[in-house]
Amino acid sequence: MSQMNMVEAINNALHNEMKSDDKVVIIGEDVGKDGGVFRVTDGLIQKFGEDRVIDSPLAESGIVGFAIGLALYGFKPIAEIQFMGFLWPCLDQLSSHASRIRNRTWGRYKVPLVVRAPYGGGVRALEHHAESFESILAHIPGLKVVIPSNPYDAKGLLISSIRDPNPVVFLEPKRIYRGFKEEVPEEAYTEDIGKAKVLLEGDDLTLVGWGSIIPKILKARELMLEKGINAEVIDIRSISPYDYPTVHQSVEKTGRIVIVQEAPRTLGFASEIISRINDNEMLNLKAPAFRVTGFDVPFPYYKMEEWAMPDLDRIIKASRQVLKW
């Protein structure tokens, strides 16, 4: 075991898989000599060479298109898009090709592709550098969408994504890239894609989130526990597929739920969870399902970004509303 932050854990996962499988290659802007914009791929070109860690031109659609071609010819490409806001040009490649090839060929061809992209706000970045449109990606059949919230899960889920025969978009919450360290094994291990994790058990209500929202939820839960409110906390970890049975079991126990997302409110992934709850849990609910979200506006410049994202006050206020319903 070693103490690692999320950047170090992801780098360690990439090193593990590149060492064990020479079909694993990395492509992206500045991933080689510069080690990536956040230094996630630091040192890999020195260990594995320029044929496997490939610096690309500034052309996001070309990066993903090239990676799809590599995947079809037996490689396991990992494409890095420097910020999620620059993933838009790749949507045609992902939705029209990567996600459909397995279905289009009746299973004869697979696309073992991983697209990594830092997402979300909180680092005072520029326009197009703080987006959270995971729900749009989750709307594409055939595409998996994974979001870790801690170093341990980041390594295990990324290795699972690299070994998955299907295309996976791996979204990295850059706000917590270097936020904290925890024990991470040096050797390779996997975490199940599509399996949520109950981080803390409780009886009074259920709090659900993913990515950089999780530390805020845990802090809100800690503050509420001081007031005698014991919330259960679920980290979804995978947006598509997602683990509804774990949400169901928790709501069946608590009868109350608050879902927290950084993304804009309308048609966000919280809406999908609430819709599923309404379909299945009506007799278990003691209060309507609540959501705490970003706003339906472009993500603001850095002076306003803390206003745009769910904070402790909003999470606690929503929790109290469902408790006194």
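Q: Is the crossing of H9 and H10 left-handed or right-handed?
A: This is a predicted model, in which local features need pLDDT of at least 70 and side-chain atom pairs count only at pLDDT 80 or more, whereas totals for chains, interfaces and linings use all residues. Residues are numbered from 1 along each chain as its sequence is written, and side-chain values use heavy atoms, with hydrogens and water left out. A crossing is called left-handed if the near helix is turned anticlockwise from the far one by less than a right angle, and right-handed if clockwise. By that convention, the crossing of H9 and H10 is right-handed.

Q: At roughly what angle do the axes of H9 and H10 cross?
A: Axes are lines fitted to C-alpha atoms, for helices over the stretch in contact, with angles running from 0 to 180 degrees between N-to-C directions. The axes of H9 and H10 come within 11 Å, and their crossing angle is roughly 60°. This makes H9 oblique to H10, because angles under 35 degrees count as roughly parallel, over 145 as roughly antiparallel, 65 to 115 as roughly perpendicular and the rest as oblique. The value asked for is roughly 60°.

Q: Which residues of H10 make the contact with H9?
A: Contact here means heavy atoms within 4.5 Å. From H9 the contact is made by Tyr244, Val247 and Val251, and from H10 by Ile273, Arg276, Ile277 and Asn280.

Q: Is H1 roughly parallel or roughly antiparallel to H7?
A: Residues that include Ile10, Leu14 and Glu17 in H1 meet residues including Ala154, Leu158 and Ile162 in H7, and H1 passes H7 in a right-handed crossing. The two helices pack with their axes 8 Å apart and at an angle of about 30°. That angle makes H1, relative to H7, roughly parallel.

Q: Is Ile274 buried or exposed?
A: Ile274 has its place in helix H10, where helices (H or I, at least four residues) and strands (E, at least two) are DSSP runs numbered from the N terminus. Not counting residues up to four places away in sequence, Ile274 touches Ile259, Ala289, Phe290 and Arg291. Buried means under 20% relative accessible area, exposed over 50%, and partly exposed in between (1.4 Å probe, protein chains only). With a relative accessible area of 14%, Ile274 is therefore buried.

Q: How many residues are in the largest nonpolar core?
A: A nonpolar core is a set of buried Ala, Val, Leu, Ile, Met, Phe, Trp, Tyr and Cys residues joined through side-chain atoms within 4.5 Å. Among the members that touch the most others are Leu87, Leu137, Trp210 and Ile273; elements giving two or more residues to this core include helix H3 (60–72), strand E5 (114–119), strand E7 (168–173) and helix H10 (269–280). Apart from it lies another core of 27 residues, among them Val7, Ile10, Leu14 and Ile162. For the largest core, the count of residues is 47.

Q: Which elements do the buried residues of H4 pack against?
A: In H4, the buried residues are Leu91, Gln93, Leu94 and Ala98. Leu91 is also one of the residues that Leu137 touches, not counting residues up to four places away in sequence. The buried residues of H4 pack against H3, helix H5 (101–104), E5, helix H6 (134–138) and E7.

Q: How many residues apart in sequence are the parts that the pair of Asp21 and Lys76 ties together?
A: A salt bridge is a side-chain nitrogen of Lys or Arg within 4 Å of a carboxyl oxygen of Asp or Glu, and the structure holds 14 of them. In one of these, the side chains of Asp21 and Lys76 meet at 3.1 Å, N to O. Asp21 lies in the loop between helix H1 (6–20) and strand E2 (24–28) and Lys76 in strand E4 (residues 76–80), so the separation in sequence is 55 residues.

Q: Which strand holds Arg116?
A: Glu172 is buried at 0% relative accessibility, and Arg116 is buried at 1%. Their side chains meet in a salt bridge of 2.6 Å, N to O. The pair ties together parts 56 residues apart in sequence, because Glu172 lies in strand E7 and Arg116 in strand E5.

Q: Which residues are linked with Asp153 in a network of salt bridges?
A: Asp153 and Lys197 meet through their side chains in a salt bridge of 2.9 Å, N to O. This pair links helix H7 (residues 151–163), which holds Asp153, to strand E9 (residues 197–200), which holds Lys197, across 44 residues. Asp153 is buried, with a relative accessible area of 0%, whereas Lys197 is partly exposed at 25%. In the network, Asp153 is linked with Glu191, Lys197 and Arg237.
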